[in-house]
Structure formats: C-alpha cells, structure tokens
Amino acid sequence: MEIKFMERALQLAERGMGYTNPNPLVGAVIVKEGKIIGEGYHEFFGGPHAEINAFKNAAEAVSGSTMYVTLEPCSHYGKTPPCAKTIVEKGIKKIVIAMKDPNPQVSGRGIKLLQDNGIEVITGILEERSRKLNEIYLKYITTGLPFCILKSAMTLDGKTAAVSGDSKWITNEESRQYVHRLRHRVSAVMAGIGTVIRDDPFLNTRLPDGNGRDPIRVIVDSSARIPLAANVLNLNSQTGTILATTELAEDGKLRELERKGTEIIITPPAGGRVDLKALMKALGERRIDSVLLEGGGELNYSAVEADIVDKINIFIAPKLIGGSKAGTPLGGEGRQYMKEAVILKELKTRIFGEDIMIEGYIKKEDEKCLPDLSKKSVKFRT
C-alpha cells in the first residue's frame, strides 16, 4: 500500500514540471482508513507547497491520517511557512517520505520536528524515483550550479547537418515536440553564436496546447557578433535573453544589446572564448537551476571538456547523408585515444516514431569533487 500511495504522490509531483524552478517537484497524498482523502502538489514557485495543497483539497478531517510526500517537509520560513509545523498542527499521525531534502536549511530538520511531536516517520519509499524526478533540484541545491542537459540530433551516420549546413529537419515532429517539453522543463536554453547566425532559432517553447513556459535564452558569443535582428533578441516572451561574452566584445555593441533588453554577462577569457564554468556559476547565482544545451559541435565539445554537462539526450534519425565535412554532435580537437573517451552511464532509449533517443549521464571521475570557482570573477551588466 505504501508504494501505491507514493506512486500517486510522484505522479502529482510531475505536474509541477517547468513551473517550480528552482524549487523541487513535490507531491503529497493524505490517506485515511486506506482511502485517499486529499492530494496536492507544488504547482508553481512561490506558491503553496504540496502538503498545504493536499490539506486544502481534503474531503474530510485529516486528523489521525497518514501523509505520503515525495520530499521531506520543510521546517523553515521561505516563500511560505514551514510545512512540518502545519503537519503537526493538523494532527497527522504518520508520514511516509520518499527522500530527505538535501537543502542545508531543511535536511533532517523537518523529520526531527515531526518525530519530536510524536509523528511516526518512514523514509526511503521509492527514493530513487524521487531522486530521478528531482535531479535538477538535487544538483542545484547542493552545488549552486545548474544541471546541464546536452541535446543533439543526428542521422544514423552521425551527422548533425548536411555539408551545405542544412539541418531542417533531421528528426521527426514527435522528437521535436519532446525537445519543446524539455525546454518547458528547464530554466534556460543555451546555444552558441554559430547556431544563431546559421539557423536564427527562436529557442522558445512551442507545445500543441500553447501552455509551455519559455526558458531564458543564453547565447554564448565571445565577441558579441550576434545580429540585432536575431530572433532570440526579438521574441514576445515572458523570459529574456542573456548574452555571455568576453572583454573582446565592443562596448558600443553591448550598449545596443542592452537597449533591446538583453542582459550581458562578461566572463573571464578562456583561450579567447567564454569561460563556461564561470558562466554556469553566474547562471546559478541568478537562480537558474538548469540549462538545456542546444549548441553546435564546437560548443558541445567545449561544454564536455569544461565538465559542465550532466546528462545527454541524443536523437538518432534513420537517415544517411554522408560528408566528411558535415557536422557532428561533438567537434573540437577531440580525444586522442579511446581510453580517454567520455563514458555514459544509466543508459535508456526511447522511441519517437522512427527516431531513437539515447539518454545517459556523464560518468564523472570524481562525482563528489566540485569545481573551484573561487578565483573566477564574473561581471553583470544590468
């Protein structure tokens, strides 16, 4: 029974995707005498938490009930009052929690508050599913850095574009709709200036129901070559565009971009290019918890080399186009030997019509070792 009710809580939590960043996805279910009497989820950032919504939606008195929640209830005042305190006041007798909250302001404190008030607490039910659901939150809350997903599409022979540069479309409509759902899920989408000049993308979210949330557009452009007429600078969108550049950019061009509402981030130079590690730190400081990298081969390779990528989504279409000079998902100098290859773990495949998507996580040499950014300084132009 515990698994059944926690599965329902996880289903509810998923409904908050794209709306709660940088907060976690959380679902809650209240059960009395084996029957669900209330349920809720964290619907949007700054709004009531899942537990509070479950209480609001309860069909009868909750005193003496059991609550199932996908993440440890908070014990501190933030945008909303502490949920653990409300749970005690409502007379819940038992609470089943999928996973503890790694947030230093919460971790263990919510559980202790509940136990100190005589509430039975069980943890670890469907914990791995809860962790997977909140992989973005888990990285961001423990490191301050965005979770980065590298997305690319290629033909069966490994090409991301024809030799002419044409790339519309490699994948089918079903695959492209999934990418729009990814954009809705993350806080920002990142592309390089080469992609902007070549394809002039919008980088917004276009879902069939029209309800998708646009991510912030982040353009990596070391010398501010971006055309002022570029689509990413002229969208009617609820989110803005950030240009990540270096001191190579002309002040006059930067002022023109700022007049268009573009925010400028100037990173230290890294071989004449934007320092991607410093950029990710800057984005994290702006409460951007996740980035979907939709770059070309050069930016993708630089991101992998900078060790900012956490997850890979590669779409493969059953097409062959050839061309020794045609683009590939990763360009750059490349690794010299197979023993130096980047390894993926926890591989999964999904089918979108005739297309195949391979999903995996970058295997880190030391997943507990965080980058030292203490000497990196980033300038904000606001």
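Trainee: Which residues of helix α4 are buried?

Mentor: This is a predicted model, in which local features need pLDDT of at least 70, side-chain atom pairs count only at pLDDT 80 or more, and totals for chains, interfaces and linings use all residues. Residues are numbered from 1 along each chain as its sequence is written, and side-chain values use heavy atoms, with hydrogens and water left out. In α4 (residues 109-116), G110, I111 and L114 are buried, that is, under 20% relative accessible area with a 1.4 Å probe, protein chains only. Helices here are DSSP runs of H or I with at least four residues, strands are runs of E with at least two, and both are numbered from the N terminus.

Trainee: What do they pack against?

Mentor: The buried residues of α4 pack against α3 (83-89), β4 (94-97) and β5 (120-123), where contact means heavy atoms within 4.5 Å.

Trainee: Changing topic, how many disulfides are there?

Mentor: The structure holds zero disulfides, a disulfide being a pair of cysteine sulfur atoms within 2.5 Å.

Trainee: Which cysteine sulfur is nearest to that of C83?

Mentor: That of C74, which is 3.8 Å away.

Trainee: Is C83 buried or exposed?

Mentor: C83 is buried, at a relative accessible area of 1%. C148 also counts as buried, with 1% relative accessibility.

Technical notes. Buried < 20%, exposed > 50% of the residue type's maximum accessible area, 1.4 Å probe, protein only.
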